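The structure is shown first, and the description follows.

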There are 6 protein chains.
Amino acid sequence: MFSHHKELAYTVRVDKPNPVFARMLQQAIGGPEGEMRVMNQYLFQGLGARGPERYRDMLLSTATEEIGHIELLCTAVAMNLEGAPAAASDDVVTNPLVAARMGGMEPKHLLSAGMGPMPGDADGVPFNAACIDISGNLAANMVANAGAEMVGRTLAARLRDLTDDPGMKDLLSFLIARDTQHQMQWLAAAEELNPERRAVPVEVPDEGEYAQHAHAFFAHHDEPVPDDVIWANGTAPDGVPFTTAEPAPRLGEKASLQGAPPYAFDGPESTMPNSQGGGDGIVGKVKEAVDQVTK
Amino acid sequence: MFSHHKELAYTVRVDKPNPVFARMLQQAIGGPEGEMRVMNQYLFQGLGARGPERYRDMLLSTATEEIGHIELLCTAVAMNLEGAPAAASDDVVTNPLVAARMGGMEPKHLLSAGMGPMPGDADGVPFNAACIDISGNLAANMVANAGAEMVGRTLAARLRDLTDDPGMKDLLSFLIARDTQHQMQWLAAAEELNPERRAVPVEVPDEGEYAQHAHAFFAHHDEPVPDDVIWANGTAPDGVPFTTAEPAPRLGEKASLQGAPPYAFDGPESTMPNSQGGGDGIVGKVKEAVDQVTK
Amino acid sequence: MFSHHKELAYTVRVDKPNPVFARMLQQAIGGPEGEMRVMNQYLFQGLGARGPERYRDMLLSTATEEIGHIELLCTAVAMNLEGAPAAASDDVVTNPLVAARMGGMEPKHLLSAGMGPMPGDADGVPFNAACIDISGNLAANMVANAGAEMVGRTLAARLRDLTDDPGMKDLLSFLIARDTQHQMQWLAAAEELNPERRAVPVEVPDEGEYAQHAHAFFAHHDEPVPDDVIWANGTAPDGVPFTTAEPAPRLGEKASLQGAPPYAFDGPESTMPNSQGGGDGIVGKVKEAVDQVTK
Amino acid sequence: MFSHHKELAYTVRVDKPNPVFARMLQQAIGGPEGEMRVMNQYLFQGLGARGPERYRDMLLSTATEEIGHIELLCTAVAMNLEGAPAAASDDVVTNPLVAARMGGMEPKHLLSAGMGPMPGDADGVPFNAACIDISGNLAANMVANAGAEMVGRTLAARLRDLTDDPGMKDLLSFLIARDTQHQMQWLAAAEELNPERRAVPVEVPDEGEYAQHAHAFFAHHDEPVPDDVIWANGTAPDGVPFTTAEPAPRLGEKASLQGAPPYAFDGPESTMPNSQGGGDGIVGKVKEAVDQVTK
Amino acid sequence: MFSHHKELAYTVRVDKPNPVFARMLQQAIGGPEGEMRVMNQYLFQGLGARGPERYRDMLLSTATEEIGHIELLCTAVAMNLEGAPAAASDDVVTNPLVAARMGGMEPKHLLSAGMGPMPGDADGVPFNAACIDISGNLAANMVANAGAEMVGRTLAARLRDLTDDPGMKDLLSFLIARDTQHQMQWLAAAEELNPERRAVPVEVPDEGEYAQHAHAFFAHHDEPVPDDVIWANGTAPDGVPFTTAEPAPRLGEKASLQGAPPYAFDGPESTMPNSQGGGDGIVGKVKEAVDQVTK
Amino acid sequence: MFSHHKELAYTVRVDKPNPVFARMLQQAIGGPEGEMRVMNQYLFQGLGARGPERYRDMLLSTATEEIGHIELLCTAVAMNLEGAPAAASDDVVTNPLVAARMGGMEPKHLLSAGMGPMPGDADGVPFNAACIDISGNLAANMVANAGAEMVGRTLAARLRDLTDDPGMKDLLSFLIARDTQHQMQWLAAAEELNPERRAVPVEVPDEGEYAQHAHAFFAHHDEPVPDDVIWANGTAPDGVPFTTAEPAPRLGEKASLQGAPPYAFDGPESTMPNSQGGGDGIVGKVKEAVDQVTK
């Protein structure tokens, strides 16, 4: 279970409120590269983890830290909105200075949240859990988590660049440092789990005839691959030499699908439908067999 | 630009059509760990890539390969649906054998696609691009891509385990091998871009007072961290030793937000609203300043 | 069934068209607090209602009224767009006055709808039915509906504050008045259904050992709860006194999950996979039992 | 900030694992009436709250409790999946007993999460924050929260009815009791904030000509409203008598939109387009005015 | 505005309730080819229509009819759920007959809607307005509407095939007949608006050098296009002969993007960042120019 | 399978980069009327096509062309972003000229994509496959595709109108010409498949008593339908005369649903729940019957 402490994980100070920057910060809350994503990603990975307890502990501990980051960023959004104009929007249109501010402000910050943060991104798109990776494979999760932190740290660095506010720069520098730690810890765990950097999942080797495709770059373009390209002519992280297939081989034949069953109403080229949904093809035969079994 | 060749990238053969397995395969087409995700992830990363051309070429070449994988899996879905029952659903309810098949079949395969594949996952949820990582940072992208392939290879391995059909096992073994290659190429590129495994983006170092937070594990739980936990007591991939903060420090103070502006209708505790949207607080002052500027 | 009358439910008059305000109005059409939500919420609640007819009638009657509110707001959006610029966007960038207008205008109003309303919110996010509450429990629905109207009336009040246009102020005042009525009618029905304000669903009482948790505030924070806080030290709306658990009790033990089954590819710590998907654990035993039954 | 304790908020015990029930439990995690919704709803409402501190404290404390409920339910899902079959799906089709289990099992529990919980609902639809109400108005939020708990308690009661497992019944009885408390606390706060039960937001009264519409039931149907219907012929919760408008009045005129601007390509009935986006109508005049101002 | 009549648009009769068929019917309510799509599509097209009134009238009249179709299908869903089992789900797993029914039943019909219809599709995916076409171009809308009806009529025909229930067959036959009318009316209007079947929008002709691409089939594959293929070698509906470009021409050069700006943190290959967000490239120059203008 | 050629399908040239226009172009990439929609629509229709090979070939060939259009537009977005300001957003607020640009710029182009294109629309909403029509009926697909191209061509025409940049005008003129060809080819195929323009699916005729509803306009409004309205008083495209039902007939009776089963917790009006989920109504009887069968 969890408990809340009123002290924040880090001081949030806004020297000069800026509603445009509040909008930008939302991307770090509810965007696919934001804190709601990593918080939920680590939480669900941790709550479903069945392996050694140390990984589960790390996942849940860092998930908990990320809830606190949502708190930090939401507080920063709320503080930046304290200077937001509420002038009638007719002014917005005729007054370039107000217009500029309103033009860039997130309408939902006023309309939906009454000058508070919202569970969405910089464009007001509600958070969608489709961005969460939870493979159930620890090694895959560690690398996916490192990627998520790298993407998130890039976003934080861009946000820091976009502001001159000392308080905001301070907060973002702290978050950037934490992203460094998180990257490092996921990478360290990935290395512990898979020191030879074999393909993940490691217990699923490529064998027999398929092994030839497991370290071969398929070049799906016209120009030759340069000699110094590692992933074509060098050695893979697991020590196996890469090969190149140039152009990419066509290993299959033309696709050939069975004619359309009439009940799919596939167009004038199919036969007339059988209102019972049957037919003479494979479907009808299956139905007959089923009928026999269940008499 | 692109061209299509009627030969498939690999032979698709279904020995015994199985509509339940068709449903399972959809996860590898339109799920967050499926081919539509990686195809679009590599395509958009490649089309926006501004660095050395070799990375762009690799991204676009593998994106192109993934379109062919969508083709392979869609063909496999269509072939597995060729045995789907079309008996009236009243039978479905009273006949356990038919019921079992229909119960597990994806309704949209018949209702929406007429026995064809659909751009969604194993639950019929339409593909949503929120799962796509496109950071614009090459090193972050390479690690995120490796994570995506690891997650995808785990899915393919599970799918192979779920079928005894030799044709499906053959196709999935091929896709698993290709996922090996893709993992290896993204990891090789990540290493080439960031051989010292510094935090990404590498040009954003942690400095000054923030450096202390950049390699410190914050333990957000009650129990002590064991001594042999690398991410607390070992060395990070970039060579810096980890430290531990136990319990996690509370570096901030209580959050303190400005009182609610009346026009936000924040509840009875706020003062009466000013129908002009003004007020005496910071908002009113801003409005006054704006009025002066724009007279 | 339904019929349409060309007269609007209320006069829509726009004295000075304003495309920025058109964008704001969209939140009241397709946002989670907008008319598409309540229209569909009441419609689906009503069409599924199985209790006394008077509730069903009220739900369907008010759902019908809300379709007319969509019509009012869409008409208002269309009229506000009549002043929208269609100047080439190069002008947008170099001309601050035009830019200000265009910067705040919703691009889809021109690009997708050709100067018409769209089924989305103030940020152009398409309406998503995930915001609709349809519990199938009349009393719960009445309270959820009252909440939806309160949220919606708050939005309408903000919108009225944002405009000086007399026509728009008139329309929004009408909609605000109707939201008053709708709040009152849902609250009246909630009271009729549950005059003692017991927990909903009322036919599911808390009994035995669980009753102690049913009126106890769990304080998940460090500081003491003040004496005058009703929900900790006062009396609940159903007449039962509240108690406080401070700090929140930890009623469970550490979670303990079974070791990872090999076929889930849970990482290097699991045993090698069994390609048949079996194993020696509980899964294997279940499979054996199943095999016996179905021989 | 937050901390995690390894003890659960309540004991999770599964006497007989049941993957179909695991799927049902997902609705209480990631569905619109689930814990992810209320956890985020209270968290964002609390982090944006600007009124008296006691409301903010309550919101954040209960939000924290709900994170623990996500933990409880995810653990319950994971435990129920321990009996899930991993037999090849060909068996699924030919063996009705296995088929029945697999037919009702959520494919993503194996395919995406490797026998763990996932951030989605009972149909595998990813959680979407569009279901979250954050109005920024405390009184509206309290009623919306009570509605959310009522909807959630109804779901929990249905889930308890669906299982005979003593452990699951115990857990759900605990959650039902907590939902009672949460309902009561939100209702108590709503009453404290708005003891006279006036329309929310209370500081936005209906005045003048609009007051007549604020307590009038508009009957959008053919049949007369019965005399004993409170919301038509009784007294509203704020003490004002209801009136009825039967049939619903048509207060507006026919909508009348300006002719289509040519650059909107509105069909053959519009005049030929002006490639400059101009025209002779209101748009052109605005553009002229703008040009003069900005010269 | 709208009014509701308690008589349904057509009789809904369910001879033998079937919860599996209830699930199937949901696709016709909330799926991309369902009634919520067409109802909203016609409603928003009509409410934004600025051309001759007869088109607006038709759109709104048929939109109104479609609300009644939602009512018909929701009633049919509710009636089909009257036979749904509510046995504890433990039985579901051990009892194949119950399991079969439950396996195919939509969990949300019980869990979320309490045996009522829901605003989603056959997989429980909430309706999403992204499926709605509202181009603002009347001729385009008419053809898109005809397509939507054709897709919907195909779905209705499949649903009728799936049931033996005389009541359901009767209802679906009625809906199929109405889809015929709707197809015909949109096609008739499309023909009235664009009798020469020129490209839509008709006021945007292809001229000059571009005309050569306007009736040329680009063959993006290896094999020759057969002689009798109309769209390559025949005559287009507007009377212009088709030509073929085989293989598809490569009319552009290789893409060439500017080097990455440092502040985008594009990876190690970019120069070190400028914390002011400036630089020497085009961005810096723009910033300088801006600074001059606004001094 | 597919291959990529570095030459673009057409030259992309941006004379004067414009980040506001980059945002507008996104609608043509990831909006419901954009290239991601048609690319996936044709791809999935083609991969599931079971009829004559010439249709499948056309669908896959044009799908391939559309991937190249995504490439063209993404390249155009990236080039238009080359002039985007990266000035700190504090400047944005105080400097109207910068503000204007930033106000209209898509935040994710910098924050998420690092000055690259993204898989979303002009409002930053991620692409959602719910907009894809794949009916599995060839004739329906051809008309739906024609509609999609008409909608898309309308968008392209608006985009061309919004820019004065010669390069962008050139690119959009090319795309408009290609949309002409695509419209013509889908219309030609629709005519080939259904020369008599009967209702689609053509093999599902309206018969018996239903035929009277198949060519009857139902007028759901108060005013009379003018005599010259084809869809009421003229002849349908299939040669059958239209009739009019004025007002729309009420062919059904009032809906009548069975009383609420107690286990649905439908509110105080239902009887007390049976914790076993049984009851005396139809549900209990079904359960009894099931118990007998499975003894």
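Which residues of helix 1 of chain D are buried? In this predicted model, the buried residues of that helix are Pro19(D), Val20(D), Phe21(D), Ala22(D), Arg23(D), Met24(D), Leu25(D), Gln26(D), Gln27(D), Ala28(D), Ile29(D) and Gly30(D). Because 12 of the 12 residues of helix 1 of chain D are buried, the helix is largely enclosed by the rest of the structure. Helix 1 of chain D covers residues 19-30 and reaches 17 Å from its first C-alpha to its last, close to the 16 Å expected at 1.5 Å a residue.

The contact between the chains comes next. On the chain D side, 110 residues are in contact with 110 residues of chain C. Elements of chain D that give two or more residues to this side include helix 3 (53-80), helix 5 (96-104), helix 7 (138-161) and strand 2 (216-218). Helix 8 of chain D gives the most, with 15 residues. The table divides the residues of the side of chain D that touches chain C by class.

| Class, chain D side | Number |
|---|---|
| Nonpolar | 63 residues |
| Polar | 27 residues |

The same surface serves both copies, since 100% of the contact residues of chain D recur in chain C.

Conventions
Residues numbered from 1 in each chain as written. Chains lettered and ligands numbered in written order. Predicted model: local features only at pLDDT ≥ 70, side-chain atom pairs only at ≥ 80, totals over all residues. Contact = placed C-beta atoms within 7 Å. Helix = DSSP H or I, 4+ residues; strand = E, 2+ residues; numbered from the N terminus. Nonpolar A, V, L, I, M, F, W, Y, C, P; charged D, E, K, R; others polar. Expected span 1.5 Å × (residues − 1). Buried ≥ 20, exposed ≤ 12 C-beta atoms within 10 Å, placed from the backbone.
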